[in-house]
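Subject: Structure handover

Hello,

Here is the structure I promised to pass on. My notes on what turned up follow directly below.

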Amino acid sequence: MNYSSNKGYHGVAFFLYMELNLWKGEIKMKRFILGAVFGILLSATTITYASDSIKTLLFPAKFEFNGKNTELGDEYKVLNYNGHAYVPIRFVTENIGATIDYDPETEIIFVKNGNLDLSDPDWSGISVGNLILTKDGPNTKVTGHLKMEKMGNEKNMVGANLSFYKDDQTEKIGEVAITGTNFGNKTQTFEAIGEGDFRTYSTVKLHIGAVNYRITGGGPGK
């Protein structure tokens, strides 16, 4: 199997690195190194450079996250290259509750798994966090987590806005809308696109506009 690096990709499959002892049949986690195997969603006009090609083998492996067996799925593969296993990083991060995205301009893979520390002071019970901002053409893509509290199900509608500001917090440089109907007590990932490039923001504010199709006013208890 050949995978080639190129500069014309529209998407990539990212892999975690693990050291393998193939002779003893042991798999030891050495350290997480964010690598990339290129070749998914390539442009038809992409030029492949043979000098950057590598030969790999498919590696049969099963996954267990916190005691729960999880199927890899047909869209992902585990690779063995020179005795090292390369695991799809998106598959791993999403199964441990983290957000992930790749910025093609900076060539950085972002992974976040912190606290949801954004809230609307006028609406309690909804929190947002783990924001990742990446370039999407002339615009900015925002990936993050949203969680509700004390809800009876996981099928709740939320309409909200994230506003991004410069240092003085008076000039708004970007904004995205968060909309969805599958929010609840479990942390859910959202993606939104905002006009322009506001990746260098310093402050972000959350405003909840609607919950379950009801326009919010002062919020509960306000």
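The largest cavity holds about 40 Å³ of space. A cavity here is a set of points, on a 1 Å grid over the protein atoms alone, where a 1.4 Å probe fits but cannot get out. Grid points are joined across faces, edges and corners, and the volume is the space filled by probe spheres set on the points. The structure has 1 cavity of 30 Å³ or more.

This is a predicted model, in which local features need pLDDT of at least 70 and side-chain atom pairs count only at pLDDT 80 or more, while totals for chains, interfaces and linings use all residues. Residues are numbered from 1 along each chain as its sequence is written, and side-chain values use heavy atoms, with hydrogens and water left out.

Back to the cavity. Its lining consists of Arg 90, Glu 94, Ala 98, Thr 99, Ile 100, Thr 143, Thr 189 and Glu 191. Lining residues have an atom within 4 Å of a point. By type, the lining has 2 nonpolar, 3 polar and 3 charged residues. In that count, Ala, Val, Leu, Ile, Met, Phe, Trp, Tyr, Cys and Pro are nonpolar, Asp, Glu, Lys and Arg are charged, and the others, Gly among them, are polar. At least two lining residues come from each of α1 (89–95), β11 (99–103) and β18 (188–194).

The chain overall

The chain contains 1 helix and 20 strands. Helices (H or I, at least four residues) and strands (E, at least two) are DSSP runs, numbered from the N terminus. Of its 222 residues, 41% count as buried. Buried means under 20% relative accessible area, exposed over 50%, and partly exposed in between (1.4 Å probe, protein chains only). Among contacts with a separation of 6 or more, 61% join residues 24 or more positions apart. Contact means heavy atoms within 4.5 Å.

Salt bridges

The whole structure has 9 salt bridges. The criterion is a side-chain nitrogen of Lys or Arg within 4 Å of a carboxyl oxygen of Asp or Glu. Asp 103, Glu 105, Lys 135, Asp 197 and Arg 199 are linked in a network of them.

Take Arg 199 and Asp 103. Their side chains meet in a salt bridge at 2.8 Å, N to O. Arg 199 is in the loop between β18 and β19 (203–211) and Asp 103 in strand β11, so the pair ties together parts 96 residues apart in sequence. Asp 103 is buried, at 1% relative accessible area.

Glu 105 and Arg 199 also pair, at 2.6 Å, N to O. Glu 105 is partly exposed, with a relative accessible area of 49%.

Lys 135 and Glu 105 form a salt bridge too (3.3 Å, N to O). This pair links distant parts of the chain: Lys 135 is in strand β14 and Glu 105 in the loop between β11 and β12 (108–112), 30 residues apart. Lys 135 is partly exposed, at 21%.

Buried positions

Leu 133 is in strand β14. It counts as buried because its relative accessibility is 9%. Beyond four places in sequence, Leu 133 touches residues including Asp 103 and Arg 199, along with Phe 110, Phe 164 and Phe 198. Leu 133 and Phe 110 are 23 residues apart in sequence and 8.8 Å apart in space, C-alpha to C-alpha.

Ser 127 lies in strand β14 (residues 123–136). At 15% relative accessibility, Ser 127 is buried. Leaving out residues up to four places away in sequence, Ser 127 touches Leu 116, Leu 118, His 145, Leu 146 and Lys 147.

Leu 162 belongs to strand β16 (residues 156–165). Leu 162 is buried, with a relative accessible area of 0%. Its C-alpha atom is 5.6 Å from that of Lys 205, 43 residues apart along the chain. Residues up to four places away aside, Leu 162 touches Leu 118, Val 128, Phe 190 and Lys 205, among others.

Thr 70 is in strand β8 (residues 68–70). Its relative accessibility is 19%, so Thr 70 counts as buried. Neighbours within four places aside, Thr 70 contacts Phe 63, Phe 65, Phe 91 and Asn 95.

Best wishes

Note on methods. On a 1 Å grid over the protein atoms alone, a cavity is a set of points where a 1.4 Å probe fits but cannot get out, and a pocket is an open set with protein on both sides within 12 Å along at least five of seven lines; lining residues have an atom within 4 Å of a point.
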